[in-house]
Amino acid sequence: MGHEIESVAVRRGHNVKLIVDVNNIEDLNDENLKDINAAIEFSSPDSAFENVVACLNRKVPVVSGTTGWLEKFEEAADACMKNKTAFIHSSNFSIGVNLLFRLNRELARQMERYGEYSVSIEEIHHTKKLDAPSGTAISLADGISAGHKSYTRYNTDAPEGKKSVPIHSIREGAVPGTHTVTWDSEIDTISLKHEAKNRRGFALGAVVAAEYISTRQGLFTMNDVMGFL
């Protein structure tokens, strides 16, 4: 992702001033973060929070695409507001996936009238992906539960009268990411599917999000970047 983001940013006319990974984490300091318009954080669940807050505390707007650390999201949000900068986190910055999120929620809202259908999610990723289910699959499950009152979030003890959204996670090969939402009944099947061909779409969305927040203050989502009402 780092190489893809750098490539997309340069093609869009940006200068990449600093690249930080596990080998030079000490470079994330006051001097190097001066005059940075935005930081794009794609690391690991273990380091994401510290990276995000290090930038926010230096008033650098942050785009974060790392999942698996969101139990500390409110702390990051507080750092954003305290320092009067900008922060956006998304489980997936792909423009196509965010269109899928929108369609998924609307389909769930429509399907609430048709109790004969049951829903499931399948997500396929490369074998090096650390978290399962993926953050994108969880976001899809949240969209379903927001639009359909019979469902609650995935993999939880569903309260009386509600069902959890099942997610099937597959790890194989070098798959960038495939997500399928399926509504099935005895008479037919309706599916929404997004299949990433490479990582360029994720990188492009992250750079577009960085462009969006670089001149703003506050907490944002990809709905803001996409112009969804």
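Axes here are lines fitted to C-alpha atoms, for helices over the stretch in contact, and angles run from 0 to 180 degrees between N-to-C directions. Helices (H or I, at least four residues) and strands (E, at least two) are DSSP runs, numbered from the N terminus.

## Before you start

This is a predicted model, so to speak of local features pLDDT has to be at least 70, side-chain atom pairs count only at pLDDT 80 or more, and totals for chains, interfaces and linings use all residues. Residues are numbered from 1 along each chain as its sequence is written, and side-chain values use heavy atoms, with hydrogens and water left out.

## Where α1 meets α6

Let's begin with a pair of helices. The axes of α1 (2-11) and α6 (residues 200-213) come within 9 Å and cross at roughly 55°. That makes α1 oblique to α6; on this scale, angles under 35 degrees count as roughly parallel, over 145 as roughly antiparallel, 65 to 115 as roughly perpendicular and the rest as oblique.

On the α1 side you'll find Glu 4, Ile 5, Val 8, Ala 9 and Arg 11, which meet Arg 200, Ala 203, Leu 204 and Val 207 of α6. Contact means heavy atoms within 4.5 Å.

## The four-stranded sheet

Now for the sheet: four strands, open, in the order β7-β4-β8-β9, with mixed pairing. Two strands pair if DSSP finds at least two bridges between them. The edges belong to β7 (167-171) and β9 (189-195), each with a single partner strand, so one side of each has no neighbour in the sheet. On average, neighbouring strands are turned by 15° against each other, direction ignored.

Go through the pairings one at a time. β4 (residues 118-125) runs parallel to β7, joined by five bridges, and Ile 124 stands opposite Ile 170 in β7. With β8, strand β4 pairs in the antiparallel sense over seven bridges, and here Glu 122 stands opposite Thr 180. β8 and β9 are antiparallel too, over seven bridges, with His 179 opposite His 194 in β9. These two strands form a hairpin with four residues between them.

## What lies around β8

How many of the seven residues of β8 are buried? Six are, so β8 is largely enclosed by the rest of the structure. Buried means under 20% relative accessible area, exposed over 50%, and partly exposed in between (1.4 Å probe, protein chains only). Helix α4 (residues 95-111) lies across β8 (178-184) and β9, running at about 165° to β9.

At 0% relative accessibility, Leu 140 counts as buried. Setting aside neighbours within four places in sequence, Leu 140 is in contact with Leu 100, Phe 101, Asn 104, Ile 121, His 179 and Val 181. Leu 140 and Arg 153 are 13 residues apart in sequence and 9.5 Å apart in space, C-alpha to C-alpha.

## Two sides of α3

Which residues of α3 (residues 73-82) are buried? Ala 76, Ala 77, Ala 79 and Cys 80 are. Looking down the axis of α3, these buried residues fall within an arc of 160°, so they line one face of the helix; the arc is that of the directions from the helix axis to the C-beta atoms. Their cover includes α2, β3 (86-89) and β10 (218-220).

On the other side of α3, Glu 74, Asp 78 and Lys 82 are exposed. After α3 comes Lys 84, whose phi is positive, near 55°.

A few loop residues are worth a look. The peptide bond from Ala 132 to Pro 133 is cis, with omega near 0°. Pro 133 lies in the loop between β4 and α5 (135-147).

Asp 35 has a positive phi, near 65°, in a residue other than glycine. Look for Asp 35 in the loop between α1 and β1 (39-41); at 71% relative accessibility, Asp 35 counts as exposed. Lys 59 also has a positive phi near 65°. Lys 59 lies in the loop between α2 (48-56) and β2 (62-64), and counts as exposed at 53% relative accessibility.
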